[in-house]
Structure formats: structure tokens, C-alpha cells
Amino acid sequence: CSLRVTHHTTLLSSLDMLRHFLLKRSLGIHHHHYHPSTPSHSHLLRTLPPKPFLRQFSSLPEPNTDAETRKYLGYAALLLFCGAATYYSYPLPENAKHKKAQIFRYAPLPEDLHTVSNWSGTHEVQTRFFHQPESIDQLERVVREAHQSKTRIRPVGSGLSPNGIGLSRTGMVNLSLMDSILEVDKKNKTVRVQAGIRVQQLVDGIKEHGLTLQNFASIREQQIGGIIQVGAHGTGASLPPIDEQVVAMKLVTPAKGTIEISKEKDPELFYLARCGLGGLGVVAEVTLQCVDRQELVEHTVVSTMDEIKKNHKKLLSENKHVKYLYIPYTDSVVVVRCNPVSKWKGPPKFKPKYTKDEAIQHVRDLYRESLQKYRVEGSRDKSSDDEQDIDELSFTELRDKLIAIDPLNKHHIVKVNQVEAEFWKKSEGYRVGWSDEILGFDCGGQQWVSETCFPAGKLAKPSMKDLEYIEELKKLIEKEEIPAPAPIEQRWTASTWSPLSPASSPSEDDIFSWVGIIMYLPTMDARQRKDITEEFFHYRHLTQAKLWDDYSAYEHWAKIEVPKNKEELVALQARLRKRFPVDVYNKARKELDPNRILSNNKLEKLFPQSETI
């Protein structure tokens, strides 16, 4: 505080001197100087009223006004410069957290302020209220007190959503301490768990019972409550999104207390709340339908778009899990298929042509070559860790470092994509393991991502719209010269009964395609991350304008970004109404959470209540 007061006193003195001089010059008088009191902490920039003139000397000669002007302007400039230099060079403590330097606005964060960010570091909030109950009784008390005081406590899981959908500045509730397996029913193959349990923790806990989950997303660190609420999914045209595995739930609601819902008990609310975006109640317990634990064979092969078109229907129908990884600016398509190990044939016998080290060596070579090139050109300031042993890095880690050299240079990204295509070609082969080990995918480092979901026909008769979407997307990238890294990931699911899911459909035969575009954030340099962010949103805007309406594509709830432009926001709200039962959802919110304590700014903008539209 004393530092800020010093700066303000100095600047006020400068302003005071100028004001006195201007008054003196305009009125042709002299007056005694007065000294303003030290400004208070609460009102550093208050306006000070002029003092009354004490006396006038009309008989004194008028001074040289030009000389006076230069003198006082010189004093003022010097004092302002000294004040600014002191402000920007003063040695602040290392742990001081503050926004970009703005005069008179620095203040250290209070000790009781929690900083919460999502995994990619793209969304962050500070809050004084971060509740972590250890039992359902504690959770009920937290919700009840928040409802009575009308204080928001937005449910937040592991913070993995790229858009930070669970974050709120006013307060959050997190169930990471409620992470137990409560009951395993081996006969019916169901498991009842507390909603704070992580996917990997759950899978590890039920494998001794010979059970596992039907499908998985790319990673395993999500809390069960979070992964179902945002409509997360794995891949497999015959397998629905993960929310469809939920057979019963226990919700702690602000207005109606703790309620239990299922397909038999209040089915309308049950289906709505399975993918409820955390707005209908805090999910406390979940009962999931499981399947027998089994080993899978993963087969990875590099194909082309022409080959994919010929075999697409067969690939979707004959493989339990399948996904395509497209590499922009190349014709390479990485096809990854996963199926149960044959009880009769056993796992396939296969000897890869290349070792893992040989498959990645050309990527290391490009990194060293690119690093040397940019050092010679002097166009990049390289960090001290560039000399670390890159032979120890995985492919995705190495790709991050490669992209970081020049992330927005299209020609550089094309080279990176080309070596990635070659890496996958040298990595063709088979892998055998349990489903929770095989179905994961190394997504790389921090990133911006946009994923859309759209109908792709029936499993027995795919519409081929999914491949047309990709072809248009790749042409758009090349036409606009977007520095688009790999991969463009395409997955499929069956439909779900949850009305808020992007894959919602009353027909069980419908299939949906999910396509994700990406830009990595391989550096912590603020300016570079800002530039990448702007380029990504340009990339995303182009896909939205050219593709989304034509293919009835809607973004994944954990990846949808709320536009800042008012007209764009209104258009998004209208578009969501065409696909989802917004009024039904808002009605349920009003009944279960009338004070909107479970909401946040993102939810309010996506689903404005009728009286605030």
C-alpha cells in the first residue's frame, strides 16, 4: 500500500503544480501554494477542490510566460517519468499474482483466494469459496446453505473441460473427496459409485469383479459426475455416449433436497439430468451399467481418403471401436481399430518393421534441423531447455516442441504434419491389452479444441456425410492456409436418449460422427499463446460458417465457447433452441434451482431464462 501511495503522491504533486501554473497564467495572479493531504487508500484519485485565493498582487510585473511554461512542463515530465519508472521497475515479490500492469491497479491476491484453471490453462477463475465435502451429509448442508443465502456453488469436476464449463468466480463445489465405490452387483453387472471417483480409479476398483466400463473417452482422469454431465463419449458406431451407461442417479438439488431418479423413477427428469450440464443438481451418486472385462486387439494402419471411401461402411459395422486421424496437408489417414481378442485364434502374431526409436528418429532430426535454422535466422528466442536430451521425449512431447518453434507458420506446420504422417506409417501394427489400457489416446499437451457432432445416417446405411465433412474441412484449411496441426480426429457413436446430448435421437439405429479440430499451446509465453488463440478462433469461425449448418453440426458441451459479440450470442442461443429442448431444461432448472446457485455465466448465456431473454 505504501508503494502505491508514494506513486500517487508524486503524480498528484505534478498535477497540482500544473493546475496552479495554469490558474496563475490565466488570471495573471500569484497565490500561496497549499499542500494537499496524503490521499487515502480508499480514494487515491479523488478530485481536490481549489483553495480560495489568499491575496492578489496586481502591481507586480508579469513574469516571462514562455520560460515559465517550459520550466513547469519540464518539471512535470520529469516527475511523471520518475513515477512510471519506479512503478514498472519496483521489485515485487516473486509470489505476487496480478494482471497486466496498469497504473494504480496492482494488488496482491488475498491469501484466501483460490485460483482454479482447466487443464489447458485456457480458462481460469479466482474464488474465495471452493467447497470439498467428504460425505453426502456435508454436501447437502453446503447446497442448503448456498440456496438459503443465494450464493452460487457451481459443480466442478477434474477441470478437464477445454471450455471451463464448471468454473465460477462466485464459488464452486468439488466432490474429489467423495470417490468411493459403494456397491458392485456382479449378477446385473452394475456398479454404484460416489460421483467424485475418477474413471481410472473406478476401473481399477471393479476389475477384480471381472467388470469394466462399456467405453472410454481419450483420457481417464475425469470424475464420473463430470464425464456424464457434459455428454462425453468414446468411439464405436454401435456404442452410445457415456451418459447412456447411467441407469440411476442421486441428485442433491437446492429446492427439493436429495432425490433419486432412474429409468423407472421419474424417467423424464432422469434422461434430462443424465446430461444436465451441472444445472439441475449436484450429482452425488451414479449407478452405471458395466460389461465383462476383456482384452482388445488394436490395429493401426495408415490409409488414404480414396481407400477409406471404399471401405467406410465395412469399417464402421465390423469393428467395435474405430477412429480416423486425418493429417492436414497430406492424404494420410490413420485408421485405428479395436476388437476383442479372438477366443479361438488368440492375439495376432506380428513383428513390426521399425522399433519405437526408429519410428521417431526422423521427428528428432526435423526438430534439430528446425532449431538450428531459427537460431541462425535469429527469429526465435530459445529457452534453456532446448538442449535437453530429446531422445527421452515421447512423440507427442516432441511434436509440441517442434510446433513451439514457429506455431503459426503454415510452412513449418506442414513439415511437422509430414513427419507425423511418416511416424504413423512406421508405427503400423498391433497392440494387445485390456480395454481401459487400449482405448486411451495421448492427446498431446495444452491445446485449444473444437469438436462437433452431427448425424451420419444409420449403421446399416451410413450417409457418407461424415467423409464429405472432412473433405470440405481439409479443402477449407488449404484454401485459407490455416496452420492446422494434426490430427483432425473423427469418431462415431450410436444415439442416446439424453435430450441434451448432441447425439440425442429417438432412433437407436442412428449414428453420429464427432470431429475435433485442434491447435496446441506448446509454450507458456503469453504473447505467443494469445496469437495462437486468435488463430484458433479464426480457424473455428471458418468451420462454423462453412460447415456447421450444412451438416447440422453442434459443438460438444465441454468445448463450446460463448461468443463475446452480442449478435453472435443471440444467434447461438437461437441455434441451440433448434436442436435441444431449452424450455424444458430451463423449466426443470427453475423448479430444482430457482436461485440458480448451480449456474455460472456460461450456462446463463447458453440457456437464458425466458424472463431475461
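Leaving aside neighbours within four places in sequence, which residues is Leu139 in contact with? The residues are Pro133, Val173, Leu175, Met178, Val252, Val282 and Ala284. Contact here means heavy atoms within 4.5 Å.

**Model and confidence**

This is a predicted model, in which local features need pLDDT of at least 70 and side-chain atom pairs count only at pLDDT 80 or more, while totals for chains, interfaces and linings use all residues. Residues are numbered from 1 along each chain as its sequence is written, and side-chain values use heavy atoms, with hydrogens and water left out.

pLDDT is the predictor's confidence in each residue, from 0 to 100. Its mean over the chain is 84, and 81% of the residues reach 70 or more. Residues 1-63 have pLDDT below 50; this stretch has 63 contacts in the model beyond near neighbours in sequence. Residues 92-107 also fall below 50, with 20 such contacts. Where pLDDT is low, the predicted coordinates should not be read in detail.

**Nonpolar cores**

A nonpolar core is a set of buried Ala, Val, Leu, Ile, Met, Phe, Trp, Tyr and Cys residues joined through side-chain atoms within 4.5 Å. Buried means under 20% relative accessible area, exposed over 50%, and partly exposed in between (1.4 Å probe, protein chains only). The largest core has 69 residues. Leu139, Leu202, Ile224, Val286 and Trp557 have the most contacts inside it. Strand β11 (residues 282-289) gives the most to this core, with 5 residues. A second, separate core has 38 residues, including Val333, Ile470, Tyr539 and Leu547.

Helices (H or I, at least four residues) and strands (E, at least two) are DSSP runs, numbered from the N terminus.

**Aromatic pairs**

The structure holds 17 aromatic pairs. Rings of Phe, Tyr and Trp (its six-membered ring) pair if their centres lie within 6.5 Å; planes under 30 degrees apart count as stacked, over 60 as edge-to-face and the rest as tilted. Two tilted pairs are tabulated here.

| Pair | Centre to centre | Angle between planes |
|---|---|---|
| Tyr271 and Trp497 | 6.4 Å | 35 degrees |
| Trp557 and Phe607 | 5.5 Å | 40 degrees |

Tyr271 lies in helix α6 (residues 267-274) and Trp497 in the loop between β18 (488-494) and β19 (510-520), so their pair ties together parts 226 residues apart in sequence. Tyr271 is partly exposed at 22% relative accessibility. Trp497 is partly exposed too, at 41%.

Trp557 sits in the loop between β20 (554-555) and α14 (566-579), and Phe607 in the segment after α16 (601-606), so this pair ties together parts 50 residues apart in sequence. Trp557 is buried at 1% relative accessible area. Phe607 is buried at 0%.

**Charges over rings**

A charge sits over a ring if NZ of Lys or CZ of Arg is within 6 Å of the ring centre and within 35 degrees of the ring normal. The charged end of Arg575 sits over the ring of Tyr554, 4.3 Å from its centre. Arg293 has its charged end over the ring of Trp434, 3.9 Å from the centre.

Two strands pair if DSSP finds at least two bridges between them. An open sheet of 3 strands has the order β3-β5-β4, with parallel pairing. β3 (130-131) and β4 (154-155) stand at the edges, each with a single partner strand, so one side of each lacks a neighbour in the sheet. β3 is joined to β5 (residues 172-173) by 2 bridges. Phe130 has Met172 in β5 as its bridge partner.
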